[in-house]
Amino acid sequence: MSRWRWIGGRAWGLRVRLLVAFVLLGLTTTAAVAGSGYVQARDVILRKAQDAAVDALVDQAGKLFPVRDLPPTQNELDGLAETLSTRDDSTVVLYQERRSALGPPPELLSPDLRQAVRGGRVVWQRVSYQGTPSLVIGTELMRTGPDGTPAASGLEIYRVHSLLAEERSIDQLAVWAWLTGGLSLVFAVLLASLAARGVLRPVRELGRAARRLGDGNLSSRLTIGGSDELADLARTFNHTAATLERYVGELRRMESDARRFVADVSHELRTPLAAMTAVTDVLDEEAAALPGDAGRAARLVSQETQNLTRLVDDLIEVSRFDSGTAALALDPVDVATAVTATLRARGWSDQVEAELPTGVTARLDPRRLDVIVANLVGNALRHGAPPVSVRLRTEPDWIVLEVADRGPGLDAEVLPHVFDRFYKADTARTRSTGSGLGLAIAWENARLHRDAERHGSLVAANQPAGGAVFTLRLPRWSADPTDEEGDR
């Protein structure tokens, strides 16, 4: 599919189109050549038979003695008809309203034919006589005039010549024409198959190479043979693939360097941040006693140090996902108890409406579940509007956790990017308390959980009644942590 298209495949693919084009060309050419040849041969056969029959009658009539006594007797009419008749041809002689006993019936002779014969012409006409195609030939027998010159005698001679042999020859010619057409059609199909194979083989190779390239095998190349347009196409593909491989390799190297830089910087920052955190703990204790600006500065330093610590921790976590070293520590978990503990630890129990049925257990990583729930609920509390709700439900092999709020919801242009790293819906804000990594980390943690077939998922949407809703789906029995990284 486009090509009606196919029912179960590509009914109008390039191979079929080539075959149809060759077959139509073969049929048209064969019909034109065989048809014109048949018509010409048929005309030649009939014309030769016609000319031979006319010449034979005229020659026989010319050899008769000229008629001297008119009108002829009936015996003379019958004798003339018998003399002019042959084994295959029947002849009738007419004089005014009298006719010989031999010969074809008078209704076979049309008035126009008789009128032409009476005018002194030798004429012929194709008719069907006794179920066979025949030729009626008419002429007038001459007599000797008073002055010894030939003159019209009024004796009309009509011979019926059978064209059955010619009809059989024409039928045989038609059979040969049909046979030639059939063989030409078979030959056209064979040529079309060979041409299609020659054209489609490089096209199929190009398709396979393009699919390999699309699947990430940037070393995919085509073997170039010949100097036609398809060879030029193969050279263009190879050049494009080589350029793409070079650019992608450079981008991957730069991305790897950037990730390594972020990971190295994040780890290097942990030591001074630990020292700064210890200092801010002291400042927090003394901030209330410090006068005016000094107290505000101490609290600001403490808050920013906490923000920087969270950012470094998020960057380290992201670097683990990128390097493929993030692993699950799976345990049987009472999901309602774990979610409740997350809300209580952050002081959100009174701000969130929780519908958490008891007895729902799953094999999950409790730390990563805590990170997901904390990010989703914290995001709803900061950017949404109350009431914020957390609802847990189960499916046969999955647990589903929904975090919703009644705020303005997510704009249509925000939804495709809500889980992107460092993405913030309000791009005009150059400074905010969030790093833009929370939802990205939650999405990665959800996907890290998987069963034998599918990954966990985290999806953002808007509720019909207003507000955003984030739906987390995790397998109830995640795969062993030694296997779950293999399909990332």
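A salt bridge is defined here as a side-chain nitrogen of Lys or Arg within 4 Å of a carboxyl oxygen of Asp or Glu. By this criterion, a search of the whole structure finds 10 salt bridges. The model is predicted: local features need pLDDT of at least 70, side-chain atom pairs count only at pLDDT 80 or more, and totals for chains, interfaces and linings use all residues. Residues are numbered from 1 along each chain as its sequence is written, and side-chain values use heavy atoms, with hydrogens and water left out.

**View 1. The salt bridge between Glu156 and Arg114.** The N to O distance between these two side chains is 3.1 Å. Glu156 belongs to strand β5 (residues 150–162) and Arg114 to helix α3 (residues 111–118), so their contact ties together parts that are 42 residues apart in sequence. Helices (H or I, at least four residues) and strands (E, at least two) are DSSP runs, numbered from the N terminus. Both Glu156 and Arg114 are buried (under 20% relative accessible area; exposed is over 50% and partly exposed in between, with a 1.4 Å probe and protein chains only).

**View 2. The salt bridge between Glu395 and Arg393.** The closest N and O atoms of this pair are 3.4 Å apart. Glu395 has 25% relative accessibility and therefore counts as partly exposed. Arg393, at 39%, is likewise classed as partly exposed.

**View 3. Glu402 and the network around Arg393.** The side chain of Glu402 forms a salt bridge with that of Arg393 (3.4 Å, N to O). Because its relative accessibility is 25%, Glu402 counts as partly exposed. Through salt bridges that share partners, Arg393, Glu395, Glu402 and Arg473 are joined into one network.
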